[in-house]
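Reader: I'd like to go through the labels on this one and hear what each rests on. Can we start once it's on screen?

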Amino acid sequence: MGKAFGMRAALLAAGVASLALGATQALAEPMAMLDRHGSRVAIEPYAPNIVRVTIALDPALATAAPGPGPNAKADATGWSHRADAGGDVFTSSALSVVVDAKPWPKAPSQMERYFAPSLPPVSLSVSTADGRLLTKMNGWEMAPHMVNGEETFRVGASFAAPLDEHYYGLGQNQESLGPLDLRSRTIDCKHWYDAPAGETVCVPFLVTNKGYGIVWDNPARTIVSPGLNNGTRWQSEVGERVSFFVIAGATTDEIYAGYAKLTGETPLPPKAAFGLIQSKARFESQQELLGIAEGYRSRNYPIDVMVLDWFYWTRMGQLDIDRTYFPDPKGMNDRLKAMGMRSIVSVWPRFERESRYFDMLAAKGWLLQHEDGSPVDGLPVRFDRAGALLDSTNPEAREWFWGKIRDNIASQGFDWFWLDETEPDLVPDDYQFSIGSGARYHNLFPLLHTAGVAEGSARDRPDLRNLILCRAAYLGTQRNGCAFWSSDVHSTWEALKRQVPTGLNFTASGMAYWGSDIGGWQYPSGPKAEHPLLVDPAGATAMDAGYADYPELFVRWFQYSVFTPSLRIHGQRPAAALWDYGTAAEPILASYLRLRYSLMPYIYALGAQTHRTGAPFMRALFMDFPNDPKVADIGDQYMFGPAFLVAPITDQGRTSRPVYLPAGADWYDYWTNKRYTGGQTVEVAAPIDRMPLFVRAGSIVPIGAQVKSTAERQPLESIRVYPGRDARFTLYDDDGTTNAYRKTGGASAELVWNEAGGTLSARGKLPTGQNPAQLLRIVEAAQ
């Protein structure tokens, strides 16, 4: 029984851990705690459209706070509870939750004795206020097993899955080559750098097309089977209770607003984060990095951020800068700022035994540990064996880590931080964190590790807006100012094809900022091209001569990335700058780079909208066209904000592709202005300098003048209106770097297009001070 007490304490500690992260969750009693013949069911509303359900055998566990991730206060305002013959009924203006009554169990038959359930059964349903069923939980499970020497359970729950229900989210899963819907798949929801198709990242938030999403409150490795055999099953590797939230919404944006309320808002990134970010694995010296920055300026190409990746230090874990190769990092950053650029520097949570801090960290117990308390050193699963992992579940270790970053690195003028290995790369399952076993908290590290830097930066650099490059996520990580990327993917056409559905399900998980290493991170190597090259590789220095179609791949990857939340060139290759892919590729790349900057007023306004609402702006089609069943499984097209339909080219040698234009709207080909009726598939020409791109009729698209970076004030060149219906778009701007926007709200103006009158007006002064009537450009449909 001592083990049972230990498990109970561990789970209760999970709720306390959420408090340590700055959460506001009150340790209050739920609205009701029901007894179903020994199964305890707690119902805890958080808003009219958000309810938490907790099921356990131990009443203390049923009433314990959520684990780390959710940080909202429970709020039962407007909810009521009654009991009748059918069960207990909880209602609000948005939801009705019915926990079914259970008759006293009868004596089992011979067959039932063999298959007798080990738990008193629980079932419940969640419906809209007008009675439309959203979801029904059919049962729960606890199966005893041993993990890390701890007697614990696998815990899970099963839900009904109608045949027309579709599923999205659950973080990053790169195995799909096209279909978006997760139905009938089994998702191993865990952080796994070495996943065969590319890193997996677990965000246990599943969104459906039926007006609800489920947030699964357990940071252990979790197997999710959405809609498999007409049921959806969740099963976590470690736990002693079932805890989940249901978030309902008449639109997907209402569901994402609920997720933001539950787990934290998405901050508005600094404006530079929306511009070009140039990285490389790695810049060998200060001279090389500044030379690339000056190369952009001399060619008059816009750019915002230079990135200093790994091995700028003297040893892994020194948290220093090697002055042999970077003799004046402060001067280097001053030079970048003088050119209108910012900097990001990579900081790793690993410490070699020979590094200056290893012994201190080991003595304090601030490293991932073996059962005997000794540090876990290295990666036994791969050749990479150097270094022990900082235990970022320990708040003292997080505070220390931020202090060293601040004093040793930020003091040299670096603006923002790239927290690599946020999975973490050292798989923790068989080891111990300060808060418990690595298996129990497998998916938690990225939330806590990034929180330490986000909170430290907010305290010690309050006037500088935070940005963190992050490789993994968990519930709530968006609140730490993370921009995510798809990890160290291969430099192949197959990898590019996987990026599109991967990114869409990631943003569908409530994480709006996602991108990929343009061109892939791994050294460029791929099979011989099967089709004639569309880009002459002459002059390319980014790859070996044997990969002749790599410049073509890079062009297509760059075109796609111009329409993702972040635009970052990175990779392990001899050269990586825009001009290193050959004389044929460079002008195409330059034109798309300028297109990105011309759309900066549009994109930055989308970021402000995400901050206000929690909804992503790289949007799978199911979000905006819920009444078109044909979009449910489309994973190779998406919306970029309310205006643009993006259809990337992801096959070598391809010069056209079919594009489905969703029903309920007309569409303009961006390049030709030809207008199409929605609800049809059209074959679209895609020569190498053109990625299929459409604009929804009834859209307002602000176009900015060309600038060298977002540090330069950008006037509007025009406001394009694509006629077809009344339209509204809220322009937004602020200083782009400080946190003043949180208090002042920046400057905004709502643009209003009146279709019948053919007029554009503005509610409020444009942030640029310009006259909208003088900027209006009405797009005429081409014949």
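Reader: What makes the link of cysteine 470 and cysteine 482 left-handed or right-handed?

Author: The torsion about its S-S bond is -65 degrees, and that makes this link left-handed. Bear in mind that this is a predicted model, where local features need pLDDT of at least 70, side-chain atom pairs count only at pLDDT 80 or more, and totals for chains, interfaces and linings use all residues. Residues are numbered from 1 along each chain as its sequence is written, and side-chain values use heavy atoms, with hydrogens and water left out.

Reader: Why is the pair of cysteine 470 and cysteine 482 called a disulfide?

Author: The term asks for two cysteine sulfur atoms within 2.5 Å. Here the S to S distance is 2.2 Å, and the pair counts as a disulfide. Cysteine 470 sits in strand E25 (residues 468-470) and cysteine 482 in strand E26 (residues 482-485), twelve residues apart; strands here are DSSP runs of E, at least two residues, and helices are runs of H or I, at least four, numbered from the N terminus.

Reader: Why is cysteine 482 called buried?

Author: Buried means under 20% relative accessible area (exposed is over 50%, partly exposed in between, with a 1.4 Å probe and protein chains only). Cysteine 482 has 5%, so buried it is. Cysteine 470, at 0%, is buried too.

Reader: Which other cysteines does a disulfide join?

Author: Cysteine 189 and cysteine 202, with S to S at 2.1 Å. The torsion about that S-S bond is about 95 degrees, so this disulfide is right-handed. The count comes to two disulfides, and with the bonded cysteines numbered in sequence order the pairing is 1-2, 3-4.

Reader: How do you know what span to expect for helix H5?

Author: Take 1.5 Å times one less than the number of residues. H5 (residues 286-298) has 13 residues and reaches 18 Å from its first C-alpha to its last, close to the expected 18 Å.

Reader: What makes glutamate 150 and arginine 440 a salt bridge?

Author: The rule wants a side-chain nitrogen of Lys or Arg within 4 Å of a carboxyl oxygen of Asp or Glu. Their side chains meet at 2.7 Å, N to O, and the label holds. Between domain 1 (32-248) and domain 2 (271-480), the count is three salt bridges. Those bounds come from an automatic or database domain assignment.
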